[in-house]
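Open the model in your viewer and keep the selection tool at hand.

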Number of protein chains: 2
Amino acid sequence: MKAALLGHGTIGVGVDRIAASLPEIDIVRVLALETDDEILGRHTFHADDILNDPEIDTVIEVMGGIHPAWEFLSRAMKAGKNVVTANKAVVAAYYRELVALSLEHHVAFRCTAAVGGGIPWLVSLEREKRGDCIRKIGGIMNGTTNFILSRMARDHMAFNDALLEAQRLGYAEKDPSADIDGDDVRRKLSISASVAYDCFVDETKIPTAGIRFVTTDDLAFGTRTHSVLKLAAFSRRTEKGVSAFVSPVFIPSEELLASVPENVNLLTLTAEHSGELSFAGQGAGRYPTAKNVVLDLLDIVSGVPAFYTDHTAAAEIDNLEECYSWYFRSTSSSLLPAEIVEETSHETAVTKKLPVPDAFRYFSLLKETDPEAFIAAIL
Amino acid sequence: MKAALLGHGTIGVGVDRIAASLPEIDIVRVLALETDDEILGRHTFHADDILNDPEIDTVIEVMGGIHPAWEFLSRAMKAGKNVVTANKAVVAAYYRELVALSLEHHVAFRCTAAVGGGIPWLVSLEREKRGDCIRKIGGIMNGTTNFILSRMARDHMAFNDALLEAQRLGYAEKDPSADIDGDDVRRKLSISASVAYDCFVDETKIPTAGIRFVTTDDLAFGTRTHSVLKLAAFSRRTEKGVSAFVSPVFIPSEELLASVPENVNLLTLTAEHSGELSFAGQGAGRYPTAKNVVLDLLDIVSGVPAFYTDHTAAAEIDNLEECYSWYFRSTSSSLLPAEIVEETSHETAVTKKLPVPDAFRYFSLLKETDPEAFIAAIL
């Protein structure tokens with residue numbers, strides 16, 4: 001395989017180094033903003049040098065962001081090149097288009113590293129749905145927020161201190177919004193659900209709450225109720241379509257999900273024959289993520305079928321059957337209607353069982369007067 | 001694929017039913033001790049009807065036991081048939097011979113369901129070692145003992161009552177020896193380590209302790225030390241070869257492994273690039289196990305390379321660097337030399353850090369005078 005890298009940041013360097021030891025993969029060109037010893041002689045500033053080179057059969061996109069990643073990926077596929085990407089933003093935004101291009105131009109499209117970093121998650125969804133029906137997926141899909149919540153719970157740190165530590169360790173970006181607001185998880189859930197259920201689950205329609213405004217008081221509610229606060233993704237097949245939402249959640253402390261440490265992800269699928277299967281590991285990081293990119297490349301070399309599904313009809317997002325008790329914390333929580341509230345204390349309220357759309361509607365109302373309101377499901 | 005089943009018990013029936021919905025797999029013959037409506041017209045009492053039938057290209061062995069399973073598998077391969085088995089006993093005992101036959105006769109040999117039931121464990125070892133080096137494997141490989149220990153810990157049940165419940169629920173066999181003595185785990189560890197490290201790890205050389213004589217007092221030691229008792233497998237690459245042992249172990253209660261519930265297995269590998277990856281799910285049961293058998297069949301249909309490794313040189317079992325504190329409970333624990341004991345109380349002793357061979361040697365000594373002695377590593 002003659003491949004080229006679009007991007008030479010954390011993941012790109014990892015891919016280049018792992019591939020260097022594999023005779024099957026020859027990375028002949030590297031698009032990067034600056035050159036260095038590792039890519040001397042292979043470096044270019046111009047994507048055209050890669051996209052127009054007929055010798056290059058495979059393009060590895062590890063630059064991140066939606067544009068120009070999408071334009072580069074679509075041009076590569078139209079030029080008959082296989083593409084592998086670790087970029088969840090572009091895959092979630094253009095999932096249907098990428099699958100369609102892959103089918104139309106008979107090229108591979110693989111993105112295993114886009115969800116779960118080094119965890120064999122998307123490939124396991126691909127494997128498990130053969131001869132079976134995946135009913136449910138979910139779990140902890142973001143290591144940064146799990147790290148922050150773990151430190152807050154274990155070391156009684158404030159949110160900002162835990163975030164700073166995550167940034168210091170390289171787990172969180174300088175602008176951590178995509179992690180702490182849940183957008184990163186929403187994208188990963190969109191891709192995972194699309195692969196699991198053979199449809200298209202539109203990320204823009206997935207109700208999402210994050211942990212930007214979580215406080216030590218919220219963590220204390222978990223301690224009092226023998227549960228642990230996590231940011232998690234939930235999805236299952238329903239009669240009408242697919243349920244899908246992202247929310248902080250209090251999980252009983254004896255459950256496996258509650259014990260997921262530090263920056264680890266734990267992703268779970270439930271299939272009719274296989275039952276519940278969970279996959280845990282580093283959801284980010286140079287070498288774990290690069291490893292999954294390289295395995296996608298090796299799969300292409302071996303001729304493994306190279307797109308995830310050819311069914312990309314949009315699924316209806318149907319969260320009406322997803323009922324939980326909810327924890328709200330807000331200076332305005334007295335605005336919640338009395339008939340849904342089970343117990344209150346100072347700024348917090350615990351509700352009766354409510355479906356997701358109702359809970360998120362109340363949450364939006366609270367945020368109008370208190371932008372720092374917080375919501376969590378209670379398992 | 002024209003396939004035949006050797007065996008029509010729990011797993012065989014599951015395989016037959018799942019395969020019935022898959023056009024790629026046609027199960028044309030079933031060897032079974034009795035016939036029934038499901039196999040009418042396909043049933044035979046004679047293995048020869050399958051092994052001598054040139055129309056049958058693949059043999060699925062789900063009869064269990066070492067003999068005549070090994071004779072049937074070897075005859076099938078010599079006759080040019082692919083083989084898939086869920087039988088850990090025969091694979092552990094004849095791993096080298098099965099791999100050699102598969103190479104010699106250019107037929108597939110797959111046994112994903114032999115370790116971890118429905119968990120994609122062996123296929124993940126196969127996948128992860130490409131372009132990487134697996135350094136370490138282990139975890140909870142037996143659901144029956146995990147169920148028994150969970151019930152003893154959670155519901156303060158006695159061992160015999162928990163075992164009876166496991167038998168009532170179909171988790172334990174009538175003769176539970178292979179589970180409770182650790183032999184089942186030892187076989188699974190032998191197969192897993194052979195695949196992970198591209199060598200042959202002889203099961204007969206793996207030091208193994210089980211839970212046959214575990215008492216509520218042993219569980220209570222866990223509670224006092226904020227740890228949870230599990231039966232686990234341990235193995236890593238060493239300078240001289242491979243470490244491997246099976247032992248009860250006290251695990252700090254906040255660790256993922258400590259939270260593995262009921263009859264679930266959790267298997268972990270550590271690779272240089274991917275880091276630590278864990279896989280959890282039903283380690284047994286009709287449909288999960290049958291599903292992995294069927295996926296092996298589908299892999300053969302797709303032409304996925306069909307044996308796990310062609311390196312089967314015997315590895316030296318080297319447990320000298322595996323050092324732990326140990327918990328001993330025995331009426332004879334006063335026989336332990338004072339210089340290795342850190343603390344004692346009634347019949348129990350906690351030792352200083354000792355390598356596995358030393359700990360197991362002391363354990364053998366204790367068992368000479370007290371056959372019900374109990375040992376556990378302390379993590």
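Helices are DSSP runs of H or I with at least four residues, numbered from the N terminus. Their axes are lines fitted to C-alpha atoms over the stretch in contact, and angles run from 0 to 180 degrees between N-to-C directions. This is a predicted model, in which local features need pLDDT of at least 70 and side-chain atom pairs pLDDT 80 or more, while totals for chains, interfaces and linings use all residues. Residues are numbered from 1 along each chain as its sequence is written, and chains are lettered from A in the order in which they are written.

**First stop.** Select residues 10–19 and 286–301 of chain A, helices α1 and α12. The contact (C-beta atoms, placed from the backbone, within 7 Å) includes I11(A) and I18(A) of α1(A) and Y287(A) and V294(A) of α12(A).

**Second stop.** Now select residues 88–105 and 183–197 of chain B, helices α4 and α9. Here the axes come within 9 Å and cross at roughly 55 degrees, so α4(B) is oblique to α9(B). Among the residues that meet are V91(B) and Y95(B) in α4(B) and R187(B) and I191(B) in α9(B).

**Last stop.** Show both chains. A rotation of 180 degrees with 0.0 Å of shift along its axis superposes chain B on chain A, with RMSD 0.0 Å (least squares on C-alpha atoms of residues with pLDDT of at least 70 in both). The two copies are therefore related as by a two-fold rotation axis. Select F279(B): in chain B its C-alpha is the nearest to the axis, at 2.4 Å.

Conventions
Helices (H or I, at least four residues) and strands (E, at least two) are DSSP runs, numbered from the N terminus. Angles under 35 degrees count as roughly parallel, over 145 as roughly antiparallel, 65 to 115 as roughly perpendicular and the rest as oblique. Two residues are in contact if their C-beta atoms, placed from the backbone, lie within 7 Å.
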